[in-house]
Amino acid sequence: MKKLLIVCSLALLGMQSVSAQKVDDFGIFQHFGANVGVGTEGISIGVAAPVTNYLEVGFGVNFMVAIKPSGDVTVNNGTPVTIPQLDGTVKSYNLNKLNIKGNTARTTFDFKVSAYPFGLRNAFFVTAGFSFGGKKIATLEGHSDDIARIYQENPAWSGAIAAEIDKYKIDIDRQGNVDGDIRVNAFRPYLGLGYGRLVPKGRVGFRAELGVQFMGHMKVYQGGSELRLNEIGTKATDDLSKIIDKWSVYPVLKLMLTTRIL
């Protein structure tokens, strides 16, 4: 009986050793994982593989939902519009700021290499990589009934009134409509850190990540061309213009559910 217990104990220890070896063996592409997440890049899905116990590579797709922020922009440099009339008089129009609505819906891809300084002992990581996709990060649209009325009353002045965004002028058509888009670099380097593995040691894991994309300065486009500079040479000071002028990095916060599929 004692011999049987010894044999069983040795067998159990052997099984535990093999099991531990399988979990701890994070060789080059010997395991694969999948993940789903949510954060400031939208909803994400991805795949990953460990290179060693200290390195991991991952590829993901991010679907940004259609968030539609809005803000007022300056019209005609904030001064009344004065239009000469046929009878020699001058008619003045006081315009309020034009409300511009954005739409952030877009799809981007990312590739990251994560380094785990403590190997399998701790899931803290630093990561570097890049995000790529279309240059557009938002579309813009707006409408002004007052400007449409001015153009209707003064057809010869159609197109003479413009809105200012940062240092650019954006045209307003005869119907009082504005459309355009905001663009950044299509290739955006990325740095981040966090806790959790894309390919967990167990079957399921959790990962939290915080980082920044270096997207470059925002530029405003209309009709496929970058908008012309404001002829007066001044910058608009509304909130939307301040964001476009100052915001050159994109903050990334991502919470992910991870699983090891092989």
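Modeller: Start with the rings. The count comes to seven aromatic pairs. The rule takes rings of Phe, Tyr and Trp (its six-membered ring) with centres within 6.5 Å; planes under 30 degrees apart are stacked, over 60 edge-to-face, and the rest tilted.

Colleague: Why is the pair of phenylalanine 111 and phenylalanine 130 called tilted?

Modeller: The centres are 5.8 Å apart and the planes stand at 40°, so the pair is tilted. The pair links distant parts of the chain: phenylalanine 111 belongs to strand β8 (residues 106–115) and phenylalanine 130 to strand β9 (residues 124–133), 19 residues apart. Strands here are DSSP runs of E, at least two residues long; helices are runs of H or I, at least four, and numbering starts at the N terminus.

Colleague: Before we go on, what kind of model is this, and what was counted?

Modeller: This is a predicted model: local features need pLDDT of at least 70, side-chain atom pairs count only at pLDDT 80 or more, and totals for chains, interfaces and linings use all residues. Residues are numbered from 1 along each chain as its sequence is written, and side-chain values use heavy atoms, with hydrogens and water left out.

Colleague: Which aromatic pair do phenylalanine 130 and phenylalanine 132 form?

Modeller: A tilted one, 5.7 Å centre to centre with 40° between the planes. Phenylalanine 132 is partly exposed, at 28%. One aromatic cluster takes in Phe59, Phe109, Phe111, Phe130, Phe132 and Phe187.

Colleague: What makes arginine 197 sit over the ring of tyrosine 116?

Modeller: The test asks for NZ of Lys or CZ of Arg within 6 Å of the ring centre and within 35 degrees of the ring normal. The charged end of arginine 197 is 4.0 Å from the centre of the tyrosine 116 ring. Arginine 106 lies over the face of tyrosine 250, at 5.6 Å from the ring centre.

Colleague: How do you know that β1 and β2 pair?

Modeller: Pairing needs at least two bridges found by DSSP. Strand β1 (residues 33–39) and strand β2 (residues 42–50) have seven, in the antiparallel sense. Alanine 34 stands opposite valine 47 in β2. The two strands form a hairpin with two residues between them.

Terms used. Buried means under 20% relative accessible area, exposed over 50%, partly exposed in between (1.4 Å probe, protein chains only).
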